[in-house]
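The sequence and the structure are shown first, and the description follows.

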Amino acid sequence: MTIRVLVADDQMMVREGFSVLLGAMPDIEVVGEAVNGREAVDRVRELAPDVVLMDIRMPEMNGIEATREIVAADGAAKVLVLTTFDLDEYVYQALRAGASGFLLKDASARQLADGVRVVAAGEALLAPSVTKRLITEFSKLSEEPRYSAATHAAHGDLTDRETEVLVLIAQGLSNAEIAGRLVVAESTIKTHVSRILVKLGLRDRTQAAVFAYEARLVTPG
């Protein structure tokens, strides 16, 4: 099935470059472009893309606010944040807003296409090591936990094993690595992950990792 992509960036060369690269892939179709966050929100409503490549710094409405509106309005559209620096403080804010991951603007054509495919499949585009480094670094920016103990409980009764899996996700482990650590089948871990997301009302592993840090289930450092 063809993956429908919207490219949102205020720089024409970036938009056109990404459109050309992705358009050359047999399983990806660029259905539209947007020059700012407000237009990105409108185009998502109009075109219903599977994935939005979202620049963070754009006029009128930045990529963080646009991501928040898109996620709130249409759970089917996945947002893949574009950034120049991998430790951009705005990346963390975008993840909190509902982005499924981030990609550097200097990514190769293969990395770009693979990133779109990963996000379209419902996975988080963050390698385990990057997940840990990014979220650990920028969870320090939050003075207070986003989720109190009471709020955490209100988001679902996680079992002890589910809590254990959630902590390992936040530490950057893949499903296979978690399965090895807990000595269970990888399919069992996938089931746990699915249940965690449902109970906490989260979109993907990235959101689960953010939740774990902000609920102080895992501490930065």
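At 43% relative accessibility, alanine 48 counts as partly exposed, a class that lies between buried (under 20% relative accessible area) and exposed (over 50%), computed with a 1.4 Å probe on protein chains only. Alanine 48 sits in the loop between α2 (37-47) and β3, and its phi is near 50°, a positive value in a residue other than glycine. Valine 183 also has a positive phi, near 55°. Its place is the loop between α9 (175-182) and α10, and valine 183 is exposed, with a relative accessible area of 73%. Most residues other than glycine have a negative phi.

The model is predicted, so that local features need pLDDT of at least 70 and side-chain atom pairs count only at pLDDT 80 or more, whereas totals for chains, interfaces and linings use all residues. Residues are numbered from 1 along each chain as its sequence is written, and side-chain values use heavy atoms, with hydrogens and water left out. The chain averages a pLDDT (the predictor's confidence in each residue, from 0 to 100) of 82, and 80% of the residues score at least 70. Confidence is highest in β1, at 96, and lowest in helix α7 (residues 149-154), at a mean of 53. Where pLDDT is low, the predicted coordinates should not be read in detail.

Helices (H or I, at least four residues) and strands (E, at least two) are DSSP runs, numbered from the N terminus. Five strands form an open sheet in the order β2-β1-β3-β4-β5, with parallel pairing; two strands pair if DSSP finds at least two bridges between them. At the edges are β2 (28-34) and β5 (101-104), each of which pairs on one side only. Strand β1 (residues 3-8) is joined to β3 (residues 51-55) by four bridges, and methionine 54 in β3 is the bridge partner of alanine 8. Helix α5 (residues 109-120) packs on the sheet and touches β1, β2, β3, β4 and β5, its direction making about 125° with that of β3. Helix α1 (residues 12-23) lies across β1, β2, β3 and β4 (78-83) and runs at about 165° to β2. Such angles run from 0 to 180 degrees between N-to-C directions, the axes being lines fitted to C-alpha atoms, for helices over the stretch in contact.

Aspartate 55 belongs to strand β3 and is buried, with a relative accessible area of 5%. Leaving aside neighbours within four places in sequence, aspartate 55 is in contact (heavy atoms within 4.5 Å) with Ala8, Asp9, Asp10, Gly63, Leu82 and Lys105. An unreviewed UniProt entry lists Asp55 for "modified residue: 4-aspartylphosphate"; such annotations may be inferred rather than shown by experiment.

The whole structure holds twelve salt bridges, each a side-chain nitrogen of Lys or Arg within 4 Å of a carboxyl oxygen of Asp or Glu. Three of them are listed here.

| Pair | N to O distance |
|---|---|
| Aspartate 42 and arginine 45 | 3.1 Å |
| Arginine 68 and glutamate 65 | 2.7 Å |
| Arginine 161 and glutamate 164 | 3.0 Å |

Arginine 161 and glutamate 164 both lie in helix α8 (residues 160-170), three residues apart, about one turn of the helix. Arginine 161 is also touched by histidine 192, a buried residue with a relative accessible area of 13%.
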